[in-house]
There are 2 protein chains.
Amino acid sequence: MAADIVKAPSRPSGAGEMFQLLRDGAPRTRAELAQITGQARSTIAARVEQLLASGLVAPTGEAASTGGRPPATFAFNPAARIVLGVDLGATHATLALTDLASDVLAEHSEPLDIALGPGPVLERVVAIAHELLAAAGRARHEIASVGVGVPGPVDHETGRPKSPPIMPGWDDADVPAILHEALGAPVLVDNDVNIMALGEHATSWPDVDHLLFVKIATGIGAGIISDGEIRRGAQGAAGDLGHVAVPDRTDVVCRCGNTGCLEAVAGGAALVERLRTSGRVVTSTADLVALLRAGDTEAVQAVRQAGRDVGAVLATCVNMLNPSMVVIGGVVGIAAEQLIAGIREVVYRRSLPLATQHLRIVASRSQQRAGVLGASVMAAEHVLSAPAVEALLL
Amino acid sequence: MAADIVKAPSRPSGAGEMFQLLRDGAPRTRAELAQITGQARSTIAARVEQLLASGLVAPTGEAASTGGRPPATFAFNPAARIVLGVDLGATHATLALTDLASDVLAEHSEPLDIALGPGPVLERVVAIAHELLAAAGRARHEIASVGVGVPGPVDHETGRPKSPPIMPGWDDADVPAILHEALGAPVLVDNDVNIMALGEHATSWPDVDHLLFVKIATGIGAGIISDGEIRRGAQGAAGDLGHVAVPDRTDVVCRCGNTGCLEAVAGGAALVERLRTSGRVVTSTADLVALLRAGDTEAVQAVRQAGRDVGAVLATCVNMLNPSMVVIGGVVGIAAEQLIAGIREVVYRRSLPLATQHLRIVASRSQQRAGVLGASVMAAEHVLSAPAVEALLL
């Protein structure tokens, strides 16, 4: 999944374990840490010193005194390191320099065509990264980790795109190595939908343990949060819904050679093409949204039906995964409303009562920022993982 | 999920943490434990004494000496406790008394109609449990935990069946409380497919992290292993495939009121009914298997087509979850061969290359014993969970 990923030392340090305990952000005194861990005061004192020296933990003030000098409290310090989040779409790049809690220090978004290939695109990413470092007054070596989302399947082990259909020239490109060379930090790569799911979950629904994030744009894909964690499957390909068969839509032929694929039935490009065939002047999803705003009946019906088709596939996913929340992203405003109305119609009809009695189907809250925030979350989680912290404390 | 589930004490004991380290079964010396944990020899000695006293850890012999008296080694002792696994099907009950490694001490299977209701069925389960205790020469109070699988949806929080279609009288029955009252141990309940998935995974494919277990019988359902753990979803309803729509089979009406449901298209009862309509003498799946053995073309075609219909739904699941293995259970021999051939046809055609390049689709190895072994695994995992061990060591 990444270049330069650290390995856990064979012997975990007590300080590392203590850090995982402090990661929740709550301030604690040395006495509280001694009580929680059952370790001797002298051991606690040494470990707190080690964590303070790393910067990952900082003094947060004083606890209420029970008589005498009030004891100092310590907590996880998200400002200790910075990470870079990179969200690459088909036609845009959004980058953010954040702290370890994904609070943004500097951010930039611009149109960028992924089809230019890995050389020019990653060169531009590195240039933007340097601009962000300058804007935030930070140095390159301060970047502890880089998270990248790309609009196509990624091999989870290597972080390389795998036969991505809309990323010509990117197949098997060593994105982690190229960015590691330029930025000097470990690089993690995942597909855009997984990082959007991570970003939406971390920033808007951190307490929802079973969430399905569905991106509906030119392509259609899902990110699965189950038992609180993203689930990528055996090769990192989980959530690939674009070429799933929609029940009873075998009349539609897909560019992949199969019939009835969700993307060919309900994807943005398919809708635009269908409306054009019926005489509307549409060349982009922006035109489609304009038709919806103007109340064009055929456009409204097409988007509503796309919602039903997506719903037919999501009904299977809901029965299969039993999430408590389905979040629809990649589409906003009036188009999202019509789509979600169609999705709800079918999911509530086709799913089992036990799976839908507490199910919410909602629009994404983090919207366009889901991807870049998710990339930052992925990078920060790597920096704070037990093996990375252990290596840092050696 | 269960009556009498222990809660974690607020302060974890060092001995409990040491036990989780020893759970892998490898023998270790006191010196090795001191090296791994970084704890003082005196602390290690006290914790080892505590674990030896609980019986969960036992001496395993001596390590090679480096001069002087060879040091003693210790390891997890699966024989320390016994658990009861209960697999209730539509028409059978299989019970096993096992140790904590699911090694069977005594086992019994008999026909038992789930439709008799919770009173008579659970009374019989308790009677069989006592027969097994007698056969193994053990006492009731030695049962540390009971795992139960039932043929219907179960609310994960309470362990109660939720509107189970083939279990008349069981809706909301407090199975954990009834069995806890009779057997005096914590009781965990899950649906039969989840426990079959647990049993198949633990006994046959412990190293496969992403496995989809599919039971095909009168009903059709799945158990999901993802990142090495069973995933039950928000209400414990994950894997409910019976009423998922099969693409292009809306001609078939299901008893649930929808059309094209997998169970109505490809379930055992549906196949028997279809062959009877076309003039074959079949009243059960056993008759269907006899027809297959006799080479009846229509029976072979019907089962093969059922495989394709299951495959059409599993293709969606494979794209969604990206497992490295799909295991087909609930059906054996010639019927399994024909079903799996049909499943493979469609899954390999309809799934994406990245999701299928390393995908294996195989018949269950543990077969009829998957359920009872899984129930034992679920019970043993509860006994060995961190909170349960902590409570034991208090």
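Chain B superposes on chain A by a rotation of 180 degrees with 0.0 Å of shift along the axis, at an RMSD of 0.0 Å. The two copies are therefore related as by a two-fold rotation axis. In chain B, the C-alpha nearest that axis belongs to B:Pro247, at 1.9 Å from it. The coordinates are those of a predicted model.

**Contact between the chains**

The contact takes 50 residues from chain A and 49 residues from chain B. Of the interface residues of chain B, 100% are also interface residues in chain A, so the copies meet through the same surface. About 4300 Å² is buried between chain B and chain A, and carbon and sulfur atoms give 56% of this area. On the side of chain B, the residues that lose the most area to chain A are B:Met320, B:Arg350 and B:Leu354, which together account for 18% of what that side buries.

Polar contact links 24 residue pairs between chain B and chain A, both residues of each pair being at pLDDT 80 or more. Several elements of chain B each supply at least two residues of the side that touches chain A: helix H2 (30-37), strand E11 (220-226), strand E12 (229-231), helix H10 (297-321), helix H11 (333-350) and helix H12 (353-356). The largest share comes from H10(B), with five residues. By class, this side of chain B has 22 nonpolar, 17 polar and ten charged residues.

**Salt bridges**

Side chains of opposite charge can pair when their charged atoms come close. Over all chains the count comes to 40 salt bridges. Between chain B and chain A the count is two. The table gives one pair that joins the chains and one pair inside chain B.

In the pair of B:Arg160 and B:Asp174, both residues lie in the loop between strand E8 (143-150) and helix H5 (175-183) of chain B, so the pair ties together parts that are 14 residues apart in sequence.

**Aromatic pairs**

The structure holds two aromatic pairs over all chains. A:Phe19 and A:Phe76 form an edge-to-face pair, with 5.6 Å centre to centre and 75 degrees between the planes. A:Phe19 lies in helix H1 (residues 14-22) of chain A and A:Phe76 in strand E4 (residues 72-76) of chain A, so this pair ties together parts that are 57 residues apart in sequence.

Key:
Residues are numbered from 1 along each chain as its sequence is written. Chains are lettered from A and ligands numbered from 1 in the order in which they are written. This is a predicted model: local features need pLDDT of at least 70, side-chain atom pairs count only at pLDDT 80 or more; totals for chains, interfaces and linings use all residues. Side-chain values use heavy atoms; hydrogens and water are left out. Contact means heavy atoms within 4.5 Å. Buried area is the accessible area (1.4 Å probe) that two parts lose on being put together, summed over both. A salt bridge is a side-chain nitrogen of Lys or Arg within 4 Å of a carboxyl oxygen of Asp or Glu. A polar contact is a pair of N or O atoms within 3.5 Å; within protein, one must be able to donate a hydrogen and the other to accept it, and residues adjacent in sequence count only if both atoms are side-chain atoms. Helices (H or I, at least four residues) and strands (E, at least two) are DSSP runs, numbered from the N terminus. Ala, Val, Leu, Ile, Met, Phe, Trp, Tyr, Cys and Pro count as nonpolar, Asp, Glu, Lys and Arg as charged, and the others, Gly among them, as polar. Copies are superposed by least squares on the C-alpha atoms of residues with pLDDT of at least 70 in both. Rings of Phe, Tyr and Trp (its six-membered ring) pair if their centres lie within 6.5 Å; planes under 30 degrees apart count as stacked, over 60 as edge-to-face and the rest as tilted.
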